[in-house]
Amino acid sequence: MIETAAASGVAFEPTEYINGNADSGLLLLCDHARNTVPPGYGDLGVPADQFERHIGYDIGARAVTVELAQRLSAPACLTTFSRLLIDPNRGDDDPTLIMRLSDGAVVPGNARVDSAERAHRIATFHKPYHDLIDQTLDVMIAKAPPPVIVSIHSFTPVWRGVPRPWHVTVLWDSDPRAVRPMLDGLRAQQDLVVGDNEPYDGALKNDTMYRHASRRGLAHVLLELRQDLIADQPGAMEWADRLEPILKTIASNLECRRIQHFKSRSDTE
């Protein structure tokens with residue numbers, strides 16, 4: 001069952017939760033699932049077509065996440081607000097938490113965000129998402145061996161005029177447990193170009209994976225799928241087909257289903 005704002009009877013619900021089995025061995029996350037701006041914020045002064053770009057949300061990521069959650073009977077936590085309002089994959093003190101300029105697009109609605117408005121957006125949108133993840137993990141860990149956290153993102157096929165060669169990339173920090181089988185499973189599909197910590201580095205202080213996986217000692221992996229490959233339903237289903245058997249293997253791996261702490265590369269002495 002998918003719980004949305006309409007189902008809960010509130011004007012705007014900042015999170016979407018997909019029920020799953022607590023003993024599935026997997027918790028799926030989608031930080032940038034939608035490009036919606038909550039009531040009261042208008043369009044943030046941004047033209048509508050800009051919200052259809054990667055600056056508004058991770059194109060295709062929600063469809064892949066929902067399909068995998070249903071196939072794997074795994075719980076999933078997703079956001080319902082645009083990353084232009086506030087980025088849930090950043091720490092509270094990150095300077096890019098609320099962007100005034102995003103990939104060339106000016107965001108007038110963020111130009112005069114003061115400390116009070118910043119705190120309001122954190123409390124109203126950012127915090128409920130992270131609270132939902134924490135609550136879901138608490139339930140899963142109480143009922144079964146700890147789950148593996150899998151976060152689904154997407155990236156643009158071209159950046160500043162330069163084509164990106166990868167079909168999929170795997171981002172990670174220091175814990176290799178879920179990363180090794182994910183990379184092995186993807187590389188075994190010989191039609192794929194697979195990136196390892198490209199075009200981004202998976203070590204980011206206080207991001208979602210640091211906050212919920214690294215701190216808890218839970219095995220985890222962040223997937224970046226190329227947006228043109230998952231922008232429509234057939235593409236999303238193809239990638240669910242590719243990922244489903246790999247995730248089943250990871251969920252059944254006992255090494256991945258225990259608490260073990262690895263020092264983050266983002267932590268300084």
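Mentor: Let us begin with strands, for which one term is needed: two strands are said to pair if DSSP finds at least two bridges between them. Please keep in mind throughout that this is a predicted model. With that term in hand, look at strand β2 (residues 15-18) and strand β4 (residues 76-79), which pair in the antiparallel sense over four bridges. Within this pairing E16 stands opposite L78 in β4, while the bridge partner of Y17 in β4 is C77.

Trainee: In what sense do β3 and β4 pair, parallel or antiparallel?

Mentor: β3 and β4 pair in the parallel sense, over three bridges. Here L29 stands opposite C77 in β4.

Trainee: How should I read the two faces of such a strand, and which residues of β2 are buried on each side?

Mentor: In a regular strand the side chains alternate between the two faces of the sheet. In β2, T15 and Y17 are buried on one side and E16 and I18 are buried on the other, so that both faces are covered, where buried means under 20% relative accessible area. β4 likewise has both faces covered, with A76 and L78 buried on one side and C77 and T79 buried on the other.

Trainee: Next I would like to understand aromatic rings. How many aromatic pairs does the count come to?

Mentor: A pair of aromatic rings is described by the distance of the centres and the angle of the planes. In this model the count comes to four aromatic pairs. One of them joins Y41 and F125, an edge-to-face pair with 6.1 Å from centre to centre and 70° between the planes. Because Y41 lies in the loop between β3 (26-30) and α2 (61-72) and F125 in helix α3 (residues 115-143), this pair ties together parts that are 84 residues apart in sequence. Both Y41 and F125 are buried.

Trainee: What angle do the planes of F155 and W166 make, and how far apart are the ring centres?

Mentor: The ring planes of F155 and W166 stand at 65° and the centres are 6.4 Å apart, so this pair is edge-to-face. It links distant parts of the chain, F155 being in strand β7 and W166 in the loop between β9 (162-163) and β10 (168-171), 11 residues apart. F155 and W166 are both buried.

Trainee: How many cavities of 30 Å³ or more does the count come to?

Mentor: The count comes to one cavity of 30 Å³ or more, and the largest cavity holds about 60 Å³ of space. Among the residues lining the largest cavity are D173, S174, H220 and F262, and the lining as a whole has three nonpolar, seven polar and two charged residues.

Trainee: Finally, where should I look in the backbone for a cis peptide bond or a positive phi?

Mentor: Most residues other than glycine have a negative phi, and most peptide bonds are trans. In this model a cis peptide bond joins E198 and P199, with omega at about -10°, and P199 is found in the loop between β11 (194-196) and α5. N197, found in the loop between β11 and α5, has a positive phi of about 55° although it is not a glycine. L44 is not a glycine either, yet has a positive phi of about 60°; L44 is found in the loop between β3 and α2 and, at 3% relative accessibility, counts as buried.

Methods. Residues are numbered from 1 along each chain as its sequence is written. This is a predicted model: local features need pLDDT of at least 70, side-chain atom pairs count only at pLDDT 80 or more; totals for chains, interfaces and linings use all residues. Side-chain values use heavy atoms; hydrogens and water are left out. Buried means under 20% relative accessible area, exposed over 50%, partly exposed in between (1.4 Å probe, protein chains only). Rings of Phe, Tyr and Trp (its six-membered ring) pair if their centres lie within 6.5 Å; planes under 30 degrees apart count as stacked, over 60 as edge-to-face and the rest as tilted. On a 1 Å grid over the protein atoms alone, a cavity is a set of points where a 1.4 Å probe fits but cannot get out, and a pocket is an open set with protein on both sides within 12 Å along at least five of seven lines; lining residues have an atom within 4 Å of a point. Grid points are joined across faces, edges and corners, and a volume is the space filled by probe spheres set on the points. Ala, Val, Leu, Ile, Met, Phe, Trp, Tyr, Cys and Pro count as nonpolar, Asp, Glu, Lys and Arg as charged, and the others, Gly among them, as polar.
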